[in-house]
Amino acid sequence: MHEENSTKTTPEPGADTEVEGASSAPSSPAGAQGRLALLPVAVLVAVVGTAVRITVLSVIAGVNEQEMWGRLTAWDSKYYLEIARAGYFDADINTDGPVHEITMAFFPGFPLLLRVLGWTGISLEIAALIVNTLLTAVMAAGVMVLARRVGAQRRGQCAAALVVSSAPMSIVFSMPYTEALFGALVVWGLIALDDRAWWRAAAFGFALSFVRLTSVDFLAVFALWALIYGRRSWQAWLGLVVAALPLPAYLLWTQRYLADAGGYFGIQTEHWNSTFDGGAATVQFVWETLTENNDVGYLLTTLVIVGVPVLLLAAWGRVTPVAWWFSAALCANVLLSDGIMHSRPRLLLPAIILILPWVVRAASALRPRVLWAACGAWVLWSAWFSAYMLVVFEWAI
C-alpha cells in the first residue's frame, strides 16, 4: 500500500495488478494513524459548515415567516422519520392508498440507524442532526485522503474537505436524509477500491446497498475494478457479490407487498415519475428553464444539471480514476432518468469530488488569506443556495 503522504498512482487498465496480496495489503499502523489524524480537522469542517448552513437557513426562514426546524424536517425527511418511528406499514403518512406503497420507496438503512439512536431517548430529529453531522465529518476525512492522492498538502486537503462538504444543497447533510450516510460510505468505499482492498470495499458496498438505489453506481465501479484489476482474484469477485446482496434482497422483499403496484420500480414511476428515459425529460427541463421559466429555483437546478457533466468532462485524467468512473455512473443514472428535477442538485452531490484537482491547485497557487476567503465565499454561496431551495422555492428537493 502506498505511503499516505504521496500521490496515489493508479495502474493503467490491463496492468498486472491482480494478485490479491499486492492489491489489498492491510493498512500499516502509520497509515491508519495518519487517517485518524484527519478526524479533528474533518470534525471542525463539518461543524463549521453545519453551523453556517443552519444560520443562513434560520435567517431566510425568518424573513419568509417560516420555522427553521420545520424546514429542516421537510419533504422526504418526514418519510424517513416515520419509517424509523413506526416501520413501513404503520407510518403516519397521508396517502390515498396503502402507506407501504409510499414508504417502501425508501431503503431501510438510514431509518434503522435512526431507530437504534432513538433507543437512547433523544428525539429522532435531534438524532438525525447529530449523526449526520458526524457522518459529514467522516466523509470530509475521506475527501482529505482523496485530495492527498491528487497531490494535496495539508492546506489543500482542508480546503478540499470544506468545499466538498459544503457543496450546493448540502443542507441535506443536516436533515433526516440519506446524503451524509451515503456520501461517507461512498468516499471511503472508493478509497478501498483505489487500494484494491476488496474486503473493505465489500463492507462499504454492503452498507451502501441498504441505503439507496444509487448504490448500484458504486457496485458498477466495483465490478469494473474487479474486471480490470482482480480478474483472477476470487476475493474481488466474492467481495462484489457480498456488496451487492442487500440490493436485490430488498427489491425482492418489497415485491411481496408491491406486486399489484408494479413492484419497487412501479411505485417509483407512479409517485415520483422516476423512470429511465435516456435523458429526454432532463433535456426538456433545461430547455424550458433557459427559454421560458423565470423561477430562480429552476435556474439553480439547471445550473447544477448542466454544470456537473461539464465538470465530469473537465476532470477526466485529473482525479483518481475510481472517483471519475463513479461520478460518471452517478451522472448517467440521475440525468438519463425522468423524475423530480429539483432533486437533481441533491442526488448529484457525491459528484462534487470531481472538483478536487482545482481546489488542490488553488491551495498551492493562492496565498492562505485569499484561499480561505474564497472557501468562505463558497460556503456562504452554498448555504444561500440550500436555504433558498428549502425555504423560498416551493417544490420538493
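Me: Which helices do the buried residues of α3 pack against?

Reply: Happy to start there: this is a predicted model, where local features need pLDDT of at least 70, side-chain atom pairs count only at pLDDT 80 or more, and totals for chains, interfaces and linings use all residues. Residues are numbered from 1 along each chain as its sequence is written, and side-chain values use heavy atoms, leaving out hydrogens and water. Helices are DSSP runs of H or I with at least four residues, strands are runs of E with at least two, and both are numbered from the N terminus; a contact is heavy atoms within 4.5 Å. The buried residues of α3 pack against α4 (68-72), α8, α9 (154-165) and α21 (368-392).

Me: What distance does α3 reach from its first C-alpha to its last?

Reply: Helix α3 covers residues 39-63, which is 25 residues. The expected span is 1.5 Å times one less than the number of residues, and for α3 that comes to 36 Å. The model is close to this, with a reach of 36 Å.

Me: Why is the ring pair of Y80 and F106 edge-to-face?

Reply: Rings of Phe, Tyr and Trp (its six-membered ring) pair if their centres lie within 6.5 Å; planes under 30 degrees apart count as stacked, over 60 as edge-to-face and the rest as tilted. By this rule there are 28 aromatic pairs. In the pair of Y80 and F106 the centres are 5.1 Å apart and the planes stand at 75°, so the pair is edge-to-face.

Me: How many residues apart are Y80 and F106?

Reply: Y80 belongs to helix α5 (residues 77-86), whereas F106 is in the loop between α6 (100-103) and α7 (109-118). Y80 is buried at 6% relative accessible area, and F106 is buried at 6%. The pair links distant parts of the chain, 26 residues apart.

Me: Over which ring does the charged end of R196 sit?

Reply: A charge sits over a ring if NZ of Lys or CZ of Arg is within 6 Å of the ring centre and within 35 degrees of the ring normal. R212 does this with the ring of F182, 4.2 Å from its centre. For R196 the distance to the ring centre is 3.9 Å, and the ring is that of Y229.

Me: Which residues have the most contacts inside the largest nonpolar core?

Reply: A nonpolar core is a set of buried Ala, Val, Leu, Ile, Met, Phe, Trp, Tyr and Cys residues joined through side-chain atoms within 4.5 Å. The largest one has 133 residues, and its largest share, 13 residues, comes from helix α8 (residues 124-148). Not counting residues up to four places away in sequence, F222 touches residues including W198, A236 and L240. Those with the most contacts inside the core are L193 and F222.

Definitions and conventions: Buried means under 20% relative accessible area, exposed over 50%, partly exposed in between (1.4 Å probe, protein chains only).
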